Structure formats: C-alpha cells, structure tokens
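Subject: Structure handover

Hi,

Here is the structure for you to open alongside this note. My findings follow below it.

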Amino acid sequence: MQFIMDCLNVNENGNLEMSGCDLVKIAKEFGTPAYVVDDATIRNNCKKYNDSIKKYYDGNGRAIYASKALSCKYMYKLVNEEGFGIDVVSGGELYAALSAGFPADKIYFHGNNKTPDELKYALENNIGRIMVDNALELSRINEIAGELKIKANIIIRITPGIDASTHDFIKTGQIDSKFGAVLETGEADDLVALAVKAENVCIKGFHCHIGSQIFDLEPFEHAAEVMMNFIGDVKEKYGIITDELDLGGGFGIRYTEDDNPSDLGEYMNAVSKVVKRVAKERDVKLPFIIVEPGRSMVAEAGLTLYSVGTIKNIPNIRTYVSIDGGMTDNPRYILYQSRYTAVSAENPLAPQDKTVTIAGKCCESGDLIGKDMPLNDVKVGEIIAILSTGAYNYSMSSNYNRVPRPPIIMIKDGKPTVAVRRETYDDMLKCDMF
Ligand SMILES: *Cc1c(COP(=O)(O)O)cnc(C)c1O
C-alpha cells in the first residue's frame, strides 16, 4: 500500500505506522488529537535541498527554512543541524529561534510590517539579513541601525509581477499584493534608490516569493529571469553589484493523490539554468542563491491523529463524522477550503467506500477538515489520521472555544518523543489577569 506520505506503512497488526511506530499505540499513549511528525523525512528534505544546490549550482547557495510552516524549538534545532538557515516573520519566531540556539547570522527576517520594536530586536541581535519590504520600513531600519551605530545588512523584496496558479490567498507575486516593492510601477527602482542613499544599510541582494503550493516550474523560472534582469538593471543604473538572490519558497506538496508536485532537484536545475544564462546575457556576477522552502520541508512529514466522536447521517444529504479537534488545530479548510486525505489508523487497508464530511468540534459550521472525503466505514472511537498536516497546522492553531493545542510527537529512530507537550486548561488562562 502506497500512501501520499512516504513514511507511512501498515504493520503486522494491520495498523498504520510512521517510520516503524504504531500510530494507534501513539494515540493511546499520548491521547488525541495529536500531531505526529517524522524527523527522518524532514532531514531527508533538507538533504534534497542541500544536494540540489551542490549538484546544479556548485554549492553557491543556501536553503533557509521558512519557519512559519512549523515553528517550534525542535525544528529550529533540527534544521540547524542540517546546515540550513531560517527565515522568521515576527519577533516571536525570532525569539523562538534564538531560544533554540539558532545562529543569528543565518536568520533572515521577513514581513510587510515589522514593528520598530521587532526591527530593533533583530538588529541588536545581529541577525543575518533583514528583508526590506517598503520605503517606510527602510527608513525605520536606517534610523534604528544609526542609533545602534551598526550597518544593517538588507535584502530588498521585489514583487516581480508573476501570477502563479494557486489559491488567491497564497499568491504573493502579482502587482496587487501587500508584499514587496512592485517592479512594473517603478516602486522597486525607487526603493533601491532610497537604499543606495541610506547611510546605515548595506544592500546585500534581492528577494522575491511568488506564492505557495505551486506545482509548475515555469513560474519559478520566470521569476528567476525577471529578478536577474532587475539585478542587471540595478548594476547599470546605480553601479552596485549585489551578491545574493533569494528566490523564495512555494514548492507544492501532496495533500491528495491529485497533487503532482515537481521534483526538488528539477526545480534547482531549471532555476539555475535561467540564472546562469541571464548572468551571461547581462554581464552580472553569478549570485549566491537562497531558497526558502517552508511547506515542502514539513507538510508530508506530519499527520494529525483524531478520535471519531460522533457520526451523524442525514439521509440523501451527507454524513458528518465529528472528530475531537478541527479548525483550532487545522484552520486550513476554513481559510482556503483545502483538501486533505484521511486514513483510518486502525483500518488503513479497509476500502474507502464511504463519502463523509469530517467536522471539527467548534461552534462554527465551517469548522471542517474536509467536505465529501472518501473514508472507510469508521466506528465511534476509531482513530483516524489526516495526512500531510506537518505545515501550517500547529503554527496556525488557535485556542478558539478554549480548545487546548495538541502536542507534537516527533518520531525519531523508531521512537516517539514529545517535542511540544499538550496545552492544559491552565496554559490557556496564563495571561488572564483576573
Ligand atoms: C511563506 C513564505 C515562504 C515559504 O513558503 P512555502 O510555500 O511554505 O514554501 C518563503 N518565503 C516567504 C517570504 C514566505 O512568506
């Protein structure tokens, strides 16, 4: 049996297992809901990125993990061990990374509205790069760096005007975006002019990120081409030679069998060809390439275990299977109507001949894991797994309805380890002052 997550199998008891660990046993030992994540799959993904940069671009680059996909101290430690940098998008993520001992010089700080406090925090800690999103932010960085008597190393975020085919809410490369300086309108050029004049910043390079869950290579190649030509224009106009080109993240993953992402190696191969060609055409130096994978690093490494609580059949309309979690641990359906794959952890080989709507326990009708999903004939109490929930689940979770967050159980060397413990009711009241 092939599952969309490579780390899954069926063991001799007929239960679903992840890298040798029985998931029904894990549900019994740690309770449900629980996120279960495979350490080896993530390390393997790190290796794929590192190897592809070596193979197709002579190692002249770096992969940095977009830590918003799954931010916890375990992850910062893991990717550091694998030689990755990271990107953070808030003071909180920066704090988590520094708390995990992540080397400051390999931290990249993103965001369209970093507050002055966050910028100061980042600059005081000498983090590697601050990605500049707009002119106002540039002037703030310049001012704070001046006060601290340091030079801020910046990378300027460009919106290259590329419309990748993905969900509207996860597109970022088109003109109508809250992120970055738009190329076509001249905003990008103006921002560079300002940065050239700013005394306390040093322009290290340029960045773009065109969206998320993208399967085709073509938009990435297109972005690389546009960015390299922009670097050529900047060199001609301002005489500045930058070293770094950050091409963002956005590589798609498999949520269902219909998803067909490109191979990671193919991505680096395709993009590096474009970069090398345009470098020659425009007579610019080959840049140090940065890639920022988030989802593709962790999504297929994780699943969520739930217990079936109630089953409601509305004849000729729909069957609702309600689980003991929902939008609080996985808000992706309510945000984007995302699709997922469900598998019974106890009966993974049973025919999926029912069509059910898997519902959460919150007081929202939109609180679903998915509508009309194939599933076996599950019973009350059965443990089911929702696959490919490693990215943007825990990190997007909430305490709506005062539902505590599930733990993250990491599978490492065939053994489960609690990376993040389950929240308690007391944890949720920690900030209540009365
Ligand atoms: C979210 C984000 C990423 C990661 O995107 P994925 O689709 O998860 O790979 C990378 N760079 C930036 C700037 C982002 O905002």
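How many bridges join strand 4 to strand 14, and do these strands run parallel or antiparallel? Four bridges join strand 4 (residues 34–38) to strand 14 (residues 302–314), and the two run antiparallel. Helices (H or I, at least four residues) and strands (E, at least two) are DSSP runs, numbered from the N terminus. Two strands count as paired if DSSP finds at least two bridges between them.

Two notes before the rest. This is a predicted model, where local features need pLDDT of at least 70, side-chain atom pairs count only at pLDDT 80 or more, and totals for chains, interfaces and linings use all residues. Residues are numbered from 1 along each chain as its sequence is written, and side-chain values use heavy atoms, with hydrogens and water left out.

Strand 14 and its partners

Strand 15 (residues 318–323) is another antiparallel partner of strand 14, with six bridges. In that pairing Lys 312 is opposite Tyr 320 of strand 15. As background, strands of a sheet pair through backbone hydrogen bonds, either parallel or antiparallel.

Strands 14 and 15 make a hairpin with three residues between the strands. Look at Asn 316 in the loop between them. Asn 316 has a positive phi of about 65 degrees, although it is not a glycine.

Three strands form an open, antiparallel sheet in the order 1-2-3. Strand 1 (8–10) and strand 3 (21–22) are the edges, each pairing on one side only. Strand 2 (residues 16–18) pairs with strand 3 over two bridges, in the antiparallel sense. Glu 17 has Asp 22 of strand 3 as its bridge partner.

Further along, check Pro 33. A cis peptide bond joins Thr 32 to Pro 33, with omega about -10 degrees. Pro 33 sits in the loop between helix 1 (23–30) and strand 4.

Two domains

The chain divides into domain 1 (8–38 + 299–428) and domain 2 (110–293). These bounds come from an automatic or database domain assignment. The domain centres, taken over C-alpha atoms, are 36 Å apart. Domain 1 brings 10 residues to the contact and domain 2 brings eight residues (contact means heavy atoms within 4.5 Å).

How much area is buried between domain 1 and domain 2? About 920 Å², with carbon and sulfur atoms giving 48%. Buried area is the accessible area (1.4 Å probe) that two parts lose on being put together, summed over both. On the domain 1 side, Glu 300, Tyr 336 and Arg 339 lose the most area to domain 2, together 52% of what that side buries.

Two salt bridges are counted between domain 1 and domain 2. The criterion is a side-chain nitrogen of Lys or Arg within 4 Å of a carboxyl oxygen of Asp or Glu. Arg 339 forms a salt bridge with Asp 258, the closest N and O atoms being 3.4 Å apart.

That covers what I found.

Best wishes
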